[in-house]
Amino acid sequence: MKKLNIGIYGFGTVGQGLYTVLQKSKTVDATLSAICVKHENKKRNLHLPLLTFDPNRILDNPEINVVAELIDDADEAYLLVKKALKKGKNVVSGNKKMLAAHLEEMIQLQKETGQSLLYDASACGSIPIIRNLEEYYDNDLLKSITGILNGSSNYILTQIFREGKDYATALKEAQELGFAESNPDADVQGYDALYKLVIITAHAFGPVIPAEKVFRFGIDQITNFDVRFAKEKNLKIKLVAKVTKTGKDEITLFVAPEFVNKENYIFNVEDEYNGVVIEGEFYDKQFMFGKGAGAYPTGSAVLSDITAISHQYKYEYKKRKYFALPRFTNRLSLTVYLRYHQEEDLALFDFDEIYENYKGRENRYVIGKICLEKLVKINNEIEKRQLFLAVFNE
Ligand code: HSE
């Protein structure tokens, strides 16, 4: 077991979580040498000599052999991680946005530098999904991965469905509890879940899919009408991220609210918990469940990445190494509920079939079949409108 000397970037929710978890854990032989933060005037409960405002104090310290990158800004994180790897340091990162955007380069950099970059903490908080995809699911039997990958939006939906709270109150609570991103649009508009899905897909099937190619719709336009519609049918609405092998050599991805029933494993995944259903040939379904947001669950996941580094663990990216990469396609037909107010909003959607059409005084909805390809094309346009969309689980 390698002796670790750690430098941390960032002392927000996750950084503070790691700090506490590190102090309690006896499993790792580690010294914490520096914590680099941005804002000099913020009050912090920290042992002062550890604190620095100069990123180079970590990068230029040859004693530090593990960098924990736990900052908010994806662009800064990208530069720091790159520099740290090039300086011969191992890195753990929780920055899903940065990783989703630069994973190809990060894989290459690990090869070139021989250093390890671990990021189990970036997807699903405390659920060890990435290392399991690498090590246990190291074959080509995977068929799909479906999950609740964002704790904040799940917390909000739970408060709305179970407690009857309104959206704004639930969102405020998710922020106060430290679940949400600093810009919570990333949570409620599905970006955060999408970045995690991109990372998970790379370890499940091999390719790094550009996030902008994937259809993404969030929960920020949900209204009481939509909630009532689901409840009348004994359904819940969950923000679901999904990657599916559609053909022998094709995969498709999307992030969208989905109606789920009691039979569905994610039906009872509530509050800030995440849940991931793994489907494969011959073994049908498996389910992983755990806290997806918050200081300690995520701090524990970072600790686990750090201890893995002490055992010289590296991701091997086995799907890329041993199998042909599947192609990405948006040729998937979905059954969709679309609630809208104006006819011009409906006109944006080129449904292939319509099964149900309701026109009330205030709310209107259609249920019909539409292809993901068409939804991706109007992704930006529909986001600005007061409409809500949810997919039926099939
Ligand atoms: N904002 C994220 C979430 C934090 O709510 O899931 C954990 O990645």
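1. Domain 1 covers 4–123 + 295–322 and domain 2 covers 330–394, with bounds from an automatic or database domain assignment.

2. Please keep in mind that this is a predicted model, where local features need pLDDT of at least 70, side-chain atom pairs count only at pLDDT 80 or more, and totals for chains, interfaces and linings use all residues. Residues are numbered from 1 along each chain as its sequence is written, and side-chain values use heavy atoms, with hydrogens and water left out.

3. Now to the ligand. The residues around it (a heavy atom within 4 Å) include Lys 96, Phe 179, Glu 181 and Asp 187. By class, this shell has five charged, four polar (Gly counts here) and three nonpolar residues.

4. A side-chain N or O atom of Ser 152 is 2.6 Å from one, a backbone N or O atom of Gly 151 lies 2.7 Å from one, and a polar side-chain atom of Asn 150 lies 3.4 Å from one. The protein buries 92% of the 260 Å² that the ligand exposes when taken alone (Shrake-Rupley method, 1.4 Å probe).

5. Finally, strand 14 (residues 333–340) is largely enclosed by the rest of the structure, because seven of its eight residues are buried (under 20% relative accessible area, 1.4 Å probe, protein chains only). Strand 14 runs antiparallel to strand 16, with eight bridges, and Tyr 340 has Arg 364 as its bridge partner there. Four bridges join strand 14 to strand 17, also antiparallel, where Val 336 stands opposite Val 391.

Methods:
Polar contact = N/O pair within 3.5 Å; in protein donor to acceptor, adjacent residues only side chain to side chain. Buried < 20%, exposed > 50% of the residue type's maximum accessible area, 1.4 Å probe, protein only. Helix = DSSP H or I, 4+ residues; strand = E, 2+ residues; numbered from the N terminus. Pairing = 2+ DSSP bridges.
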